[in-house]
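This report concerns aromatic rings and the charged groups that accompany them.

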Amino acid sequence: MALNCASVIYLLCFLVAIANAQKSFDRAYKPVVIVHGIWDKRTSLDFMANRIREVHPGTSVTVVDLLHGTSSLAPMWEQVEAFGAVARQVNTENPDGIHLLCYSQGGLVCRGMIETLSDLKVSTFVSLSSPQGGQYGDSFLRLIFHKAVKKTVHRIFYTSPGQRYSVANYWNDPHHQASYLKHSKYLPYIDNVIPEARNESYRTNFLRLNKLVLIGGPDDGVITPWQSSHFGFFREDETVEDMEDRDIYKQDLFGLMSLQNRTKIYTVEGVYHHQWHQNISVIDACIIPHLD
């Protein structure tokens with residue numbers, strides 16, 4: 001039986017709609033898991049999450065609702081376990097992989113997750129103003145311990161009781177490196193710098209990333225040195241050693257050098273630490289383009 005004109009038009013429209021739906025499905029964005037930083041509230045990162053949903057409609061964005069406020073001072077390995085459980089669940093429901101978007105201290109938590117959780121499939125890791133090289137600065141320290149001074153706090157942080165606080169786990173005093181390596185329970189381990197504790201699986205897991213995005217800037221005012229957000233850190237004379245000059249990079253201890261061609265580094269001026277996740281220019285230009 002011959003089709004009339006209206007039937008033909010209806011059929012064509014139906015086929016076009018099916019094709020467009022298939023294209024939309026093919027462009028589906030991977031889920032994003034957002035991990036907050038120290039002292040953050042439950043709603044602190046909602047602006048960033050909502051902007052991702054607005055620009056990438058249909059994206060599943062999970063702002064992990066754990067360890068806010070003073071609970072964010074929990075030891076880093078405990079945080080890796082807690083946040084990692086949520087990321088694993090999202091990954092289980094989305095076996096093609098997820099993106100991790102992690103702010104401040106959360107960036108170090110996420111690096112621990114990526115390196116140690118072999119079953120976690122992360123496509124892009126965005127480290128937003130995170131002290132990846134460690135922290136050594138009074139401005140940050142006094143956000144947590146108001147009377148503490150960077151030159152003497154190693155006496156507390158590099159002890160068993162001190163290591164119960166997250167910030168002590170990545171406090172990297174350039175003047176007391178022997179104590180740092182002996183007593184710090186977190187950063188030297190994920191940096192793979194302790195020979196007797198070196199773990200090749202950390203490097204293997206880190207290199208499964210499709211992309212590493214590092215964001216920071218000179219006006220941050222909290223991350224010290226600010227280049228720590230790009231894996232730089234202080235030498236003993238407190239001049240800054242950039243990532244490419246550090247042993248963790250040159251020896252490729254956990255995969256930084258091997259990941260070089262898949263790493264994007266942003267240096268953004270004029271952004272204070274607590275503004276990164278609310279700065280729409282940073283979100284639109286430095287984060288969202290990498291959340292495919």
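## Basis of the description

A residue is called buried when its relative accessible area is under 20%. The model discussed here is predicted.

## Aromatic pairs

A pair of aromatic rings is described by the distance of the centres and the angle of the planes. With ring centres required to lie within 6.5 Å, the count comes to eight aromatic pairs.

One of these joins tyrosine 136 and phenylalanine 234 in an edge-to-face arrangement, at 6.2 Å centre to centre and with 85 degrees between the planes. Tyrosine 136 belongs to the loop between strand 4 (122-128) and helix 5 (138-144), and phenylalanine 234 to strand 6 (residues 233-234), so the pair ties together parts that are 98 residues apart in sequence. Tyrosine 136 is buried at a relative accessible area of 0%; phenylalanine 234 is also buried, at 15%.

Phenylalanine 206 and phenylalanine 254 form another edge-to-face pair, with centres 5.3 Å apart and planes at 75 degrees. Because phenylalanine 206 lies in helix 10 (residues 200-206) and phenylalanine 254 in the loop between helix 11 (247-250) and strand 8 (263-267), this pair ties together parts that are 48 residues apart in sequence. Phenylalanine 206 is buried at 0% relative accessibility, and phenylalanine 254 is buried with a relative accessible area of 0%.

## A linked cluster

Ring pairs connect Tyr136, Phe157, Trp171, Phe233 and Phe234 into a cluster.

## Charges over rings

Arginine 111 lies over the face of phenylalanine 254, 4.5 Å from the ring centre. Over the ring of tyrosine 266 sits the charged end of lysine 264, at 5.3 Å from the centre of that ring.

Conventions: Residues numbered from 1 in each chain as written. Predicted model: local features only at pLDDT ≥ 70, side-chain atom pairs only at ≥ 80, totals over all residues. Heavy atoms only, no water. Phe/Tyr/Trp six-rings, centres within 6.5 Å; stacked < 30°, edge-to-face > 60°. Helix = DSSP H or I, 4+ residues; strand = E, 2+ residues; numbered from the N terminus. Buried < 20%, exposed > 50% of the residue type's maximum accessible area, 1.4 Å probe, protein only. Lys NZ or Arg CZ within 6 Å of the ring centre and 35° of its normal.
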